[in-house]
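The following note sets out points on the model displayed below. Each point takes up one part of the structure.

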Amino acid sequence: MRNYVAVVFDDTGKAYEGLHALWQLDDAAEVTVHGTAVVHRDALGNFQVDTKETHPALATAVGVGVGALLGLLAGPAGAAAGAAGGAAIGAATGGVVGATADLVRADNRDQAATETRFVLGAGQSAVIADVSEDWTSPIDTRMRTLGGTVYRRAKDDVADDVWFDDDDFYPSYLYPYEYIPSSYSL
Amino acid sequence: MGKIETNVKDALDHIRAATQELHGAISDAAAKRGGATKADLEALAQKAKAVTESAKGSISTQRDAAKKHLADGVTHLEATQKHVAESLKSSGQSFQTSVQKALADARASAQKISEAVAAKRSAASK
């Protein structure tokens, strides 16, 4: 099954351990990882995506794409907010996105019981991944040992809420390999 | 960083790794201060050609969904080769455009080949 997964950690170092573990699971053929990104939320509530040093236009595109995906992982109503936030803030500053997933969640409490919601608190970091998995336990078990909380939405469900009319829009902004900035090398 | 080798890799895994490397190399070249050099682009062209040939040669050995995804990946690899070749002959804005198109196609090829790997793994687990 093709899923989008968000794994929330209390600090950035742990998030990179989670990212590494995810690619190790791929290496062991337990799951297939199609793309990943690491996002942070600072004390002021701003979201930032770790990107390679790259052309500013590409960094902006990553901000817009991952911003939209964050919104989608927050549930159906998050799609518009995430895309708009990612476009507005990402365009101005590159890798920064403005999806406020937890606010979207707060505004839609009635749906909270049935949706897998992605919540990133101030100071927390998350690994966002596009994965194929035949069962969920490899990722759930591994991430739990690292202290991560796993949120998951089926790609088909995301497609139903899709903000951009292109199935490949979101995975196009995730790194198709294990990218860890040198400051977080494990 | 060393990755732990936990399984025997097959040809498709190697093609996927090569495609991921190609995407990374194009991304790094695009990010270079002052722009990628002719030598960078020639190296990318050779790398793209080698990966494309390798992937093409493996299509017939794959089955069903994996075969289709790999064929789609080859289409994007061929487009990557074309855009890298165009970048060698261009400058200014058209150079930037060619490099960005090459990067987008390299990304799409990595995606399709990753889907081929997933299809193959899923079929093997049943």
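This is a predicted model: local features need pLDDT of at least 70, side-chain atom pairs count only at pLDDT 80 or more; totals for chains, interfaces and linings use all residues.

1. The buried residues of α3(B) are covered by elements that include α1 (11-31), α2 (38-59) and α4 (92-124) of chain B. Helices (H or I, at least four residues) and strands (E, at least two) are DSSP runs, numbered from the N terminus. The buried positions of α3(B) include B:Ala66, B:Leu70, B:Val74, B:Leu77 and B:Val84; a residue is buried if 20 or more other C-beta atoms lie within 10 Å of its own, exposed if 12 or fewer, and partly exposed in between, with C-beta atoms placed from the backbone.

2. Residues are numbered from 1 along each chain as its sequence is written, and chains are lettered from A and ligands numbered from 1 in the order in which they are written.

3. Helix α3 (residues 64-88) of chain B has 25 residues and reaches 37 Å from its first C-alpha to its last, close to the expected 36 Å. That expectation is 1.5 Å times one less than the number of residues.

4. Chain B as a whole has four helices and zero strands, in the order α-α-α-α from the N terminus. The C-alpha trace spans about 50 × 30 × 20 Å along its principal axes. Buried residues make up 42% of the chain.

5. Of the contacts in chain B with a separation of 6 or more, 73% join residues 24 or more positions apart. Two residues are in contact if their C-beta atoms, placed from the backbone, lie within 7 Å.

6. In chain A, strand β2 (residues 32-41) has 10 of its 10 residues buried. Eight bridges join β2(A) to β5(A) in antiparallel fashion, with A:Val38 opposite A:Val127. Three bridges link β2(A) to strand β3 (residues 47-49), also antiparallel, and A:His40 has A:Gln48 as its bridge partner. Two strands pair if DSSP finds at least two bridges between them. The hairpin of β2(A) and β3(A) has five residues between the strands, and A:Gly45 in the turn has a positive phi of about 95°.

7. Which residues have the most contacts inside the largest nonpolar core? They are A:Val39, A:Ala126, A:Val127 and A:Ile128, in a core of 38 residues. A nonpolar core is a set of buried Ala, Val, Leu, Ile, Met, Phe, Trp, Tyr and Cys residues joined through C-beta atoms within 7 Å. At least two core residues come from each of β1 (2-9), α1 (12-27), β2, β3, α2 (56-73), β5 and α5 of chain A. A second, separate core of 28 residues includes B:Leu12, B:Ala102, B:Ala106 and B:Ala118.

8. Confidence in chain A deserves attention. The mean pLDDT (the predictor's confidence in each residue, from 0 to 100) is 74, with 62% of residues at 70 or more. Over residues 76-116 of chain A the pLDDT is below 50, although this stretch has 104 contacts in the model beyond near neighbours in sequence.
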